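Visitor: I have a model to look at and some questions to ask. Can you walk me through it?

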Amino acid sequence: MNIRAKVAAPGEAPNGGEEPASAEAPQKDNVAPLVPKKAQETEETAPKRRGRGRRLFLLVSLPLIVLVVGSYVWLTGGRYVETDNAYVQQTTVAISADVEGKITDVMVDENQTVKAGDVLFQIDDEPYKIALNSADAALAQARLEVQQLRAAYRTAVAKLKAARSTAEVRHRALDRSQDLAKKGYATPADLDQAQLAATQADNDVALAKQDVDSATAALDGDPDLPTDRHPSVLAALANKAKAALDLKHTTVRAPAAGIVSQVDKLNEGQYVTAGTAMLSVVEAGNAWIQANFKETQLTHMTPGQTVEVGIDTYPDLKLEGTVGSIGAATGSEFSLIPAQNATGNWVKVVQRIPVRIKVDTDGSRILRSGMSANISVDTGKTRLDRMF
């Protein structure tokens, strides 16, 4: 007789899975206690409701915060007017020779710093020394001629005096002849001879007086006129001064302190003509900024407002300045061919007006003409200020 024992499956009790009714099922440690279904649903939905509330708060508050902050920034903005269409400007003096001649010496090099009065180059001065000596001789000759004219005047005055004395004698002789003729002691021939002598003496007086007038006119109407005030002497003095000035101009000097440029045009032995630009001196210490603002940016801009200047060459450098002046017209008005808007295909374009920015002297020394700049002008009025 075969007897088989049934092996209990895991989780089942022996003897066919039936447990004694009176036996108590053992409690396992890892089994959670039973919780009511409604309580479980409340605990699960509570976090979901809290998350939904937070999302709703964020969806409402964040746009509101952005709106408030943006409105504040916009209302308090607009005080600073900026442009990057700005460039450094410096006075550039074109140096030319005032006289013609051959260059004998060049005293400067390219990009050399010079002071006012420094010699730049020298022109052959020998012809101008000769011209000055000739002017000196002409001046001496003019002074000599004035002395001769003054002597001629004195001679004419003396001749006039002598002629008048002779005329007086001739007239007395005529009077005696007339008396003798009345008494019958003088012949008509004697009377005619005395009359002729008196008339001739009167003519000599008239001629002598004309000589005096002519000598006076040669002395510019004033016999006591100083020699160097005579017109011919003044002309000679002017010629001498011009000759001396031409000689001085053979030495070309820097008119102002700055940096020499374009020296390569100068060569020893080169012949230059008067008025031809030979090199340039850039006044490095005299710099300003020309900023081209849009016309819509100039509403509240006035001269004297504070300006912050940034230079592209020196990113970390901030210069201070002021608005010096605002241009009299837009840039297009000064162009060679101004725009003509009286056509049917006209399109409105915002114009730009140049504004001159004064830069502090200490900061302008490192600037160079043509450098790009960034300009920020403090107008002192925000959008909020303009609303009230």
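This is a predicted model: local features need pLDDT of at least 70, side-chain atom pairs count only at pLDDT 80 or more; totals for chains, interfaces and linings use all residues.

Visitor: How many helices and strands does the protein have?
Guide: Take the whole protein before its parts. Its secondary structure comes to six helices and 12 strands.

Visitor: What share of the residues counts as buried?
Guide: Buried means under 20% relative accessible area. The protein has 388 residues. Of these, the buried share is 26%.

Visitor: How much accessible surface is there, and what part belongs to carbon and sulfur atoms?
Guide: The accessible surface of the protein comes to about 26600 Å². The part that belongs to carbon and sulfur atoms is 54%.

Visitor: Among contacts between residues at least 6 apart in sequence, what share joins residues at least 24 apart?
Guide: A contact here means heavy atoms within 4.5 Å. Counting pairs at least 6 apart in sequence, the share that joins residues at least 24 apart is 79%.

Visitor: What distance does helix α2 reach from its first C-alpha to its last?
Guide: Helix α2 covers residues 126–183, which is 58 residues. At 1.5 Å a residue, 86 Å is expected. The model comes close to that, at 85 Å.

Visitor: Which residue follows α2, and what is its phi?
Guide: The residue after α2 is G184. Its phi is positive, near 90°.

Visitor: Why does the span of helix α3 agree with expectation?
Guide: Helix α3 runs over residues 188–218 and has 31 residues. At 1.5 Å a residue, it should span 45 Å. The two values agree because its end C-alpha atoms are 45 Å apart.

Visitor: Which helix do the buried residues of α3 pack against?
Guide: The buried residues of α3 include A194, A197, A201, V205 and T216. Others among them are A208, V212 and A215. The helix they pack against is α2.

Visitor: What is the phi of D220, and where does D220 lie?
Guide: Most residues other than glycine have a negative phi. D220 is not a glycine, yet its phi is positive, near 65°. D220 lies in the loop between α3 and α4.

Visitor: Where does Q262 lie, and what is its relative accessible area?
Guide: Q262 also has a positive phi, about 65°, although it is not a glycine. Q262 sits in the loop between β6 (258–261) and β7 (271–272). It is partly exposed, with a relative accessible area of 38%.

Visitor: Is D246 buried or exposed?
Guide: D246 lies in helix α4. The cut-off for buried is under 20%. At 17% relative accessibility, D246 is therefore buried.

Visitor: Which residues does D246 touch, not counting those up to four places away in sequence?
Guide: D246 and V99 are 147 residues apart along the chain. Their C-alpha atoms are separated by 6.5 Å. Leaving out residues up to four places away, D246 touches V99 and Y128.

Visitor: How much space lies in the largest pocket?
Guide: Rolling a probe the size of a water molecule over the atoms shows where empty space is left. For the largest pocket, that space is about 230 Å³.

Visitor: Which elements each supply at least two residues of its lining?
Guide: The lining includes I95, D98, K248, H249 and R253. Its residues divide into five nonpolar, three polar and three charged. The elements that each supply at least two are β1 (80–96), α4 (231–249) and β5 (251–253).

Methods:
Residues are numbered from 1 along each chain as its sequence is written. Side-chain values use heavy atoms; hydrogens and water are left out. Helices (H or I, at least four residues) and strands (E, at least two) are DSSP runs, numbered from the N terminus. The expected span of a helix is 1.5 Å times one less than its number of residues. On a 1 Å grid over the protein atoms alone, a cavity is a set of points where a 1.4 Å probe fits but cannot get out, and a pocket is an open set with protein on both sides within 12 Å along at least five of seven lines; lining residues have an atom within 4 Å of a point. Grid points are joined across faces, edges and corners, and a volume is the space filled by probe spheres set on the points. Ala, Val, Leu, Ile, Met, Phe, Trp, Tyr, Cys and Pro count as nonpolar, Asp, Glu, Lys and Arg as charged, and the others, Gly among them, as polar. Buried means under 20% relative accessible area, exposed over 50%, partly exposed in between (1.4 Å probe, protein chains only). Accessible areas come from the Shrake-Rupley method with a 1.4 Å probe; for residues, only the protein chains shown count as cover.
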